[in-house]
Amino acid sequence: MKKNKEINLGVVYRTAEVTRMDDSEAENPTIELSFSSETAVERSFGFEILDHNPKSVKLDRLNNKAPFLLDHDPAQQIGVVERAEVSTDKKGRAVVKFSRSEKAMEIWQDIKGGIRF
């Protein structure tokens, strides 16, 4: 029987792939992004590999208008997740809709301008 071991990681950062939409999406700013993969990432405890088997991934919360956060900061919600899935290439992908708030529009402009990816 496997035993789970709890490890306090502190702050953990992730990177994402973002597909920019054309300017016709500006009225309803939406992007598709990759939020996870099975690529090994070195952490303080060793290498972390996320399991993307459909039985291992729970997407219920993401597919129920989960908050889209700036830099994983719950105090900086800049939109909502419209839908999420694990694609055939074993990546977690989501379509996110930006808020019309000033901060969200600032981030949206940076993405459109190629400043943020």
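**Close-up views of a predicted model**

Of the 117 residues of the protein, 26% count as buried, where buried means under 20% relative accessible area, exposed over 50%, and partly exposed in between, with a 1.4 Å probe and protein chains only. This is a predicted model, in which local features need pLDDT of at least 70 and side-chain atom pairs count only at pLDDT 80 or more, while totals for chains, interfaces and linings use all residues. Residues are numbered from 1 along each chain as its sequence is written, and side-chain values use heavy atoms, with hydrogens and water left out.

View 1. The secondary structure comes to 1 helix and 7 strands, taken as DSSP runs numbered from the N terminus (H or I of at least four residues for helices, E of at least two for strands). Among contacts between residues at least 6 apart in sequence, 48% join residues at least 24 apart, a contact being heavy atoms within 4.5 Å.

**View 2. The largest nonpolar core.** This core has 17 residues, of which I31, I78, V96 and F98 touch the most other members; a nonpolar core is a set of buried Ala, Val, Leu, Ile, Met, Phe, Trp, Tyr and Cys residues joined through side-chain atoms within 4.5 Å. Two or more residues come from each of β2 (30-36), β5 (67-70), β6 (73-86), β7 (92-98) and α1 (102-112), and the largest share, 5 residues, is given by α1. In soluble globular proteins, nonpolar side chains tend to be buried together.

**View 3. The aromatic pair of F68 and F98.** The count comes to 2 aromatic pairs, under a rule by which rings of Phe, Tyr and Trp (its six-membered ring) pair if their centres lie within 6.5 Å, with planes under 30 degrees apart counted as stacked, over 60 as edge-to-face and the rest as tilted. F68 and F98 are edge-to-face, at 5.5 Å centre to centre and 90° between the planes. The pair links distant parts of the chain, with F68 in strand β5 and F98 in strand β7, 30 residues apart. F68 is buried at a relative accessible area of 16%, and F98 counts as buried at 3%.

**View 4. The aromatic pair of F98 and W108.** These two rings form a tilted pair, 5.3 Å centre to centre with 55° between the planes. F98 in strand β7 and W108 in helix α1 are 10 residues apart, and W108 is buried, with a relative accessible area of 2%.
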